[in-house]
Amino acid sequence: MDINSLFSLDGRVALITGGSRGIGRMIAEGFLAQGARVYISSRKAQECEQTARELSTSGHCVALPADVSTTEGITQLLEAFGEHESHLDILVNNAGAAWGQDFDEFPEAGWDKVMDLNVKSPFFLTQAAKELLRAGSRRGHLAKVINTASIDGLSLNPLETYSYHASKAGLIHLTKRMAVRLAPENIIVSAIAPGAFASRMNKDARDNADEVSAGIPAGRIGRDEDMAAAAVYLASDAGDYVVGSTLVVDGGVNLAR
């Protein structure tokens with residue numbers, strides 16, 4: 001058993017949506033460290049390109065700005081990707097949105113925006129990328145799809161984030177359904193449910209780490225390497241037998257709620 005080879009991503013091609021910052025960037029850094037060629041996408045072109053330039057010091061990283069909340073945006077992303085690669089080994093559906101508002105005032109826009117990006121996009125991007133993933137699986141390794149869920153899809157936080165809670169719970173179940181369908185085609189689907197990691201979406205963890213850490217059994221918020229390691233595990237041969245499962249990476253918060 002060669003443990004180093006088991007966790008290697010040498011020569012594999014990864015596409016990460018929402019890869020310009022936060023958890024997406026953490027995953028991109030981990031993949032680059034393990035030898036993957038990485039393509040990152042986000043809606044904001046300037047931010048996406050800046051991150052790609054910064055990550056390129058560690059390996060092959062290319063920015064492919066796109067809005068994957070629509071099927072048109074998904075088509076544009078894969079067309080741009082196709083100008084660089086003929087196959088895809090790892091797809092990370094990480095782009096996401098949140099919306100918090102009082103129940104009596106929660107708007108339709110806050111529902112549609114979150115559900116489109118958090119649930120619709122992972123399904124239709126995976127559907128559109130299936131032949132690229134099958135081409136990747138024919139090169140000697142199983143292709144991987146990793147969906148970024150959340151512990152808020154497993155249990156409640158105190159905030160009135162109705163569409164976010166529903167979307168992440170839906171994504172966890174969607175992961176199972178997609179996994180059973182795609183495993184026979186050598187495409188393995190799994191998910192990660194992060195807890196408190198410092199990011200623009202989780203400003204509380206970013207700006208009040210000590211206070212947030214007091215409620216985490218592990219005694220700290222997540223580090224970049226915690227997320228990178230979880231994603232590398234699922235993306236590499238080490239995670240080949242993890243089919244449809246959601247890996248909780250939260251320092252024990254979900255168990256303590």
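This is a predicted model: local features need pLDDT of at least 70, side-chain atom pairs count only at pLDDT 80 or more; totals for chains, interfaces and linings use all residues.
Is lysine 120 buried, partly exposed or exposed? At 30% relative accessibility, lysine 120 counts as partly exposed, because that class lies between the limits of 20% for buried and 50% for exposed. Good morning.

Helix α5 covers residues 108–128, and a kink of about 45° lies in it at lysine 120, shortly before proline 122. Lysine 120 also forms a salt bridge with aspartate 116, their closest N and O atoms being 3.9 Å apart. The two residues are separated by about one helical turn, because they stand four residues apart in helix α5. As a general point, an α-helix has 3.6 residues a turn, so residues three or four places apart point the same way. Aspartate 116 is partly exposed as well, with a relative accessible area of 28%.

Let us turn to the buried residues of α5. They are Gly110, Val114, Leu117, Asn118, Val119, Ser121, Pro122, Leu125 and Thr126. Which elements do they pack against? The partners are the strands β1 (13–17), β4 (90–93) and β5 (143–148), together with the helices α4 (71–82), α6 (130–137) and α7 (162–182).

Tryptophan 111 is also found in helix α5, but this residue is partly exposed, with a relative accessible area of 36%. Together with Phe103 and Tyr162, Trp111 makes a nonpolar surface patch of about 320 Å².

I come now to the charged pairs. In general, side chains of opposite charge can pair when their charged atoms come close. How many salt bridges does the structure hold? There are 14.

One of them joins aspartate 237 to arginine 12, with the closest N and O atoms 3.3 Å apart. This pair links distant parts of the chain, 225 residues apart: aspartate 237 lies in the loop between α10 and β7, and arginine 12 in the loop between α1 (3–6) and β1. Aspartate 237 is partly exposed, with a relative accessible area of 21%, whereas arginine 12 counts as buried at 4%.

Another salt bridge is formed by glutamate 47 and arginine 21, whose closest N and O atoms are 3.4 Å apart. Glutamate 47 lies in helix α3 (residues 45–55) and arginine 21 in the loop between β1 and α2, so this pair ties together parts that are 26 residues apart in sequence. Glutamate 47 is partly exposed at 22%, and arginine 21 is partly exposed at 36%.

Salt bridges also form a network here, which links Lys130, Glu131, Arg134, Arg181 and Glu185.

Finally, consider glycine 252, found in the loop between β7 (246–249) and α11 (253–256). At 17% relative accessibility, glycine 252 counts as buried. Glycine 252 and glycine 11 are 241 residues apart in sequence, and their C-alpha atoms are 34 Å apart in space.

Notes:
Residues are numbered from 1 along each chain as its sequence is written. Side-chain values use heavy atoms; hydrogens and water are left out. The bend at a residue is the angle between axes fitted to the seven residues ending there and the seven starting there. Buried means under 20% relative accessible area, exposed over 50%, partly exposed in between (1.4 Å probe, protein chains only). Contact means heavy atoms within 4.5 Å. Patches are made of residues with over 30% relative accessible area and no salt bridge: like charges are joined within 9 Å, nonpolar side chains (Val, Leu, Ile, Met, Phe, Trp, Tyr) within 5 Å. Accessible areas come from the Shrake-Rupley method with a 1.4 Å probe; for residues, only the protein chains shown count as cover. A salt bridge is a side-chain nitrogen of Lys or Arg within 4 Å of a carboxyl oxygen of Asp or Glu.
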